[in-house]
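The sequence and structure come first, and the description follows.

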Amino acid sequence: MSNTQTQTQTQRIYSDLTARGTGFLNRIRKVQIKKGDGYWAATLKANRGEKGEFTIFEVRAVGADAKALFAGIAEQFPKVLSGKYKERPSVFCGFSIGDIQPLSYTKDGKEVLYIDARLLKFAFININGNAWYSANNPDLQPVELPSKQKQEETTEEPAAKAA
């Protein structure tokens, strides 16, 4: 067996299934777990088609910026976590999701199907019809995102040394 064949056999091959779109975030919640900090989750009602059709995804925030934005929304709009849907602000967003898979559970003796996904990042977020965040517009960044903070620290250091 050649060295190339050995490397090929030990390497794992992954497929990346992702989707981008727009839709409404509903039931935003912080899921508490026994060990660890928990995670942000939501129901995403994604737009599709020409006639206002939609697909529902159950998503967990996995991207660092997505996690920070969920926390920022909850901090600035605490009613978004309300159990009463009429009290919640409207959250419309552009998104990227991955690891999409159909799952099911049984409720009242009936099988309920849904699509599970990981929320990777947001392109924009509008809350109650107002622009709140845009990945392309730094003026709309409502929270300090980890990547932006690192960029500012590296650009400030040379200026401090020159002064």
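## Salt bridges

In this predicted model, the side chains of Arg 48 and Glu 53 come together in a salt bridge, with a distance of 3.7 Å from N to O. Arg 48 is partly exposed, its relative accessible area being 42%, and Glu 53 is likewise partly exposed, with a value of 37%. A search of the whole structure finds four salt bridges.

Another of these contacts joins Arg 27 to Glu 58, at 3.6 Å from N to O. Because Arg 27 lies in strand β1 and Glu 58 in strand β3, this pair ties together parts that are 31 residues apart in sequence. Arg 27 is partly exposed, with a relative accessible area of 41%, and a network of salt bridges links Arg 27, Arg 29 and Glu 58. Asp 116 forms a salt bridge with Arg 60, in which the closest N and O atoms are 3.0 Å apart. Here Asp 116 belongs to strand β5 and Arg 60 to strand β3, so the pair ties together parts that are 56 residues apart in sequence. Asp 116 is buried, with a relative accessible area of 12%, whereas Arg 60 is partly exposed at 24%.

## Overall architecture

The secondary structure comprises three helices and six strands, which follow one another along the sequence in the pattern α-β-β-β-α-β-β-β-α. Of the contacts with a separation of 6 or more, 51% are accounted for by residues 24 or more positions apart.

Buried residues make up 26% of the 163 residues in the protein. The accessible surface comes to about 11,600 Å², and 50% of that surface belongs to carbon and sulfur atoms.

## Strand pairing

Strands β1 and β2 run antiparallel and are joined by seven bridges; within this pairing, Lys 30 stands opposite Trp 40 in β2. Strands β2 and β3 also pair in the antiparallel sense, over eight bridges, and Thr 43 stands opposite Glu 58 in β3.

## Helix α2 and its cover

Helix α2 spans residues 64–76, and its 13 residues reach 18 Å from the first C-alpha to the last, close to the 18 Å expected at 1.5 Å a residue. The buried residues of α2 are Ala 66, Leu 69, Phe 70, Gly 72, Ile 73 and Ala 74. What covers these buried residues includes β1 (18–31), β2 (39–48), β3 (53–61), β4 (91–107), β5 (110–127) and β6 (130–134).

In soluble globular proteins, nonpolar side chains tend to be buried together. The largest nonpolar core in this model has 26 residues, and those with the most contacts inside it are Leu 25, Ile 28, Phe 70, Phe 122 and Ile 125. At least two residues of this core are supplied by each of β1, β2, β3, α2, β4, β5 and β6.

Which residues does Ile 125 contact, leaving aside its neighbours within four places in sequence? The contacts of Ile 125 are with Leu 69, Ile 73, Val 91, Phe 92, Cys 93, Asn 130, Ala 131, Trp 132 and Tyr 133. Among them, Leu 69 and Ile 73 are also listed with the buried residues of α2.

Note on methods: Residues are numbered from 1 along each chain as its sequence is written. This is a predicted model: local features need pLDDT of at least 70, side-chain atom pairs count only at pLDDT 80 or more; totals for chains, interfaces and linings use all residues. Side-chain values use heavy atoms; hydrogens and water are left out. Helices (H or I, at least four residues) and strands (E, at least two) are DSSP runs, numbered from the N terminus. The expected span of a helix is 1.5 Å times one less than its number of residues. Buried means under 20% relative accessible area, exposed over 50%, partly exposed in between (1.4 Å probe, protein chains only). Contact means heavy atoms within 4.5 Å. A nonpolar core is a set of buried Ala, Val, Leu, Ile, Met, Phe, Trp, Tyr and Cys residues joined through side-chain atoms within 4.5 Å. Two strands pair if DSSP finds at least two bridges between them. Accessible areas come from the Shrake-Rupley method with a 1.4 Å probe; for residues, only the protein chains shown count as cover.
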